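I opened a new page in my notebook for this protein. My plan is to go from the whole chain down to single residues.

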Amino acid sequence: MSDKKPVIITDAPAPEGYEGEGFFATKLSSVIGMARKFSLWPLPFATSCCGIEFMATLNPTYDASRFGMERNSFSPRQADMLMVCGTISKKLGPVLKEVYTQMAEPKWVVAVGACASSGGIFDTYSVLQGIDKIIPVDVYVPGCPPRPEQIIEGVMQVQALAESESIRRRDMPEYQKLLDSYNISN
C-alpha cells in the first residue's frame with residue numbers, strides 16, 4: 001500500500017476573496033453562484049427531434065454530467081433549468097406554462113432548436129411561434145436540430161447566468177414586472 005494522500009482536483013476556481021493559512025473569506029453571493037453553476041438540474045420537455053439530440057448530449061460521448069447536470073429531473077418542483085426541446089403546439093402551451101410555474105426559484109429556461117425558439121418550419125395555426133410567447137426564455141440554442149455541442153454551449157451560457165446572477169435579482173420589481181407581462185404570479 002502506498003502512503004500517498006489522494007489528490008483532489010476540482011475544475012472550479014475558488015471565488016475571489018482573502019486567503020491565508022487556515023482561512024478563506026469571500027462573499028456569500030460568490031459561493032452561492034458557484035454552487036448554482038455546478039448543480040443545474042434540467043427538466044427535459046422534449047417533444048420532437050431536438051429531444052433526441054438532448055438525449056445524445058447525456059451519453060458518454062458528450063457527458064453533460066461534467067457540467068453539473070448529473071441528474072435529470074422529471075419533476076418541475078425539483079428542477080431549476082427547463083430544457084424545451086422541439087415543437088410546442090398551441091394546445092400544449094398551457095401545459096408548458098404550468099410546468100414553468102411549478103418550478104422553484106431560481107429557474108432558467110433554454111429553448112432548444114428552431115421550433116422552440118421560433119416555431120421552426122411549422123408556420124401554422126396550431127404551432128406556437130416560439131415559447132417566449134408564453135414563458136420567459138434565458139438562452140436560445142439555434143439549429144434544426146441542434147448538435148449536442150450546441151446544447152452544451154447553451155448549458156454553459158446558463159451556467160454563466162447562474163454564477164453571475166445576484167441572489168436578490170428574483171426579488172426585484174423588474175423581475176416581477178417580467179413575470180406579470182407573461183401573466184405569471186410569483
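What share of the residues of the protein count as buried? I looked it up: 39% of the 186 residues do. I note here that the model is predicted.

**Entry 1: the overall layout.** I counted six helices and six strands. Then I read along the sequence and wrote down the pattern β-β-α-β-α-β-α-β-α-β-α-α. I also checked the contacts with a separation of 6 or more. Residues 24 or more positions apart account for 73% of them.

**Entry 2: the cores.** I looked for the largest nonpolar core and found 22 residues in it. Leu82, Val84, Leu96, Tyr100, Ile131 and Ile135 have the most contacts inside this core. Which elements each supply at least two residues of it? My list reads S3 (42-46), S4 (81-85), H3 (93-102), S5 (108-112) and H6 (173-181). Helix H3 gives the largest share, three residues. There is also a second, separate core, with 20 residues. Met81, Ile152, Val158 and Ala162 are among them.

**Entry 3: strand S4.** I moved on to S4. Five of its five residues are buried. I checked which way they point. Met81, Met83 and Cys85 go one way, and Leu82 and Val84 go the other. So which strand runs alongside?

I found that S3 and S4 are parallel and joined by five bridges. One pair I wrote down is Pro44 with its bridge partner Met83 in S4.

Next I picked Val84 and left out residues up to four places away in sequence. Val84 then touches Phe45, Leu96, Val110, Ala111, Val112, Ala116 and Ile131.

**Entry 4: Asp80.** Where does Asp80 lie? I placed it in the loop between helix H2 (49-58) and S4. Asp80 is buried, yet it has no salt bridge. Which side chain of opposite charge is nearest to Asp80? It is Arg36, 7.2 Å away. A salt bridge needs the charged atoms within 4 Å.

I then asked what the Asp80 side chain reaches instead. My note says the backbone nitrogen of Trp41, at 2.7 Å. Trp41 also turns up among the residues that Asp80 touches, not counting those up to four places away in sequence.

**Last note.** I ended the page with two reminders. S4 is mostly covered. Asp80 is buried without a salt bridge.

Technical notes: Residues are numbered from 1 along each chain as its sequence is written. This is a predicted model: local features need pLDDT of at least 70, side-chain atom pairs count only at pLDDT 80 or more; totals for chains, interfaces and linings use all residues. Side-chain values use heavy atoms; hydrogens and water are left out. A nonpolar core is a set of buried Ala, Val, Leu, Ile, Met, Phe, Trp, Tyr and Cys residues joined through side-chain atoms within 4.5 Å. Buried means under 20% relative accessible area, exposed over 50%, partly exposed in between (1.4 Å probe, protein chains only). Helices (H or I, at least four residues) and strands (E, at least two) are DSSP runs, numbered from the N terminus. Contact means heavy atoms within 4.5 Å. Lys and Arg count as positive and Asp and Glu as negative; His and the chain ends are not counted. A polar contact is a pair of N or O atoms within 3.5 Å; within protein, one must be able to donate a hydrogen and the other to accept it, and residues adjacent in sequence count only if both atoms are side-chain atoms. Two strands pair if DSSP finds at least two bridges between them.
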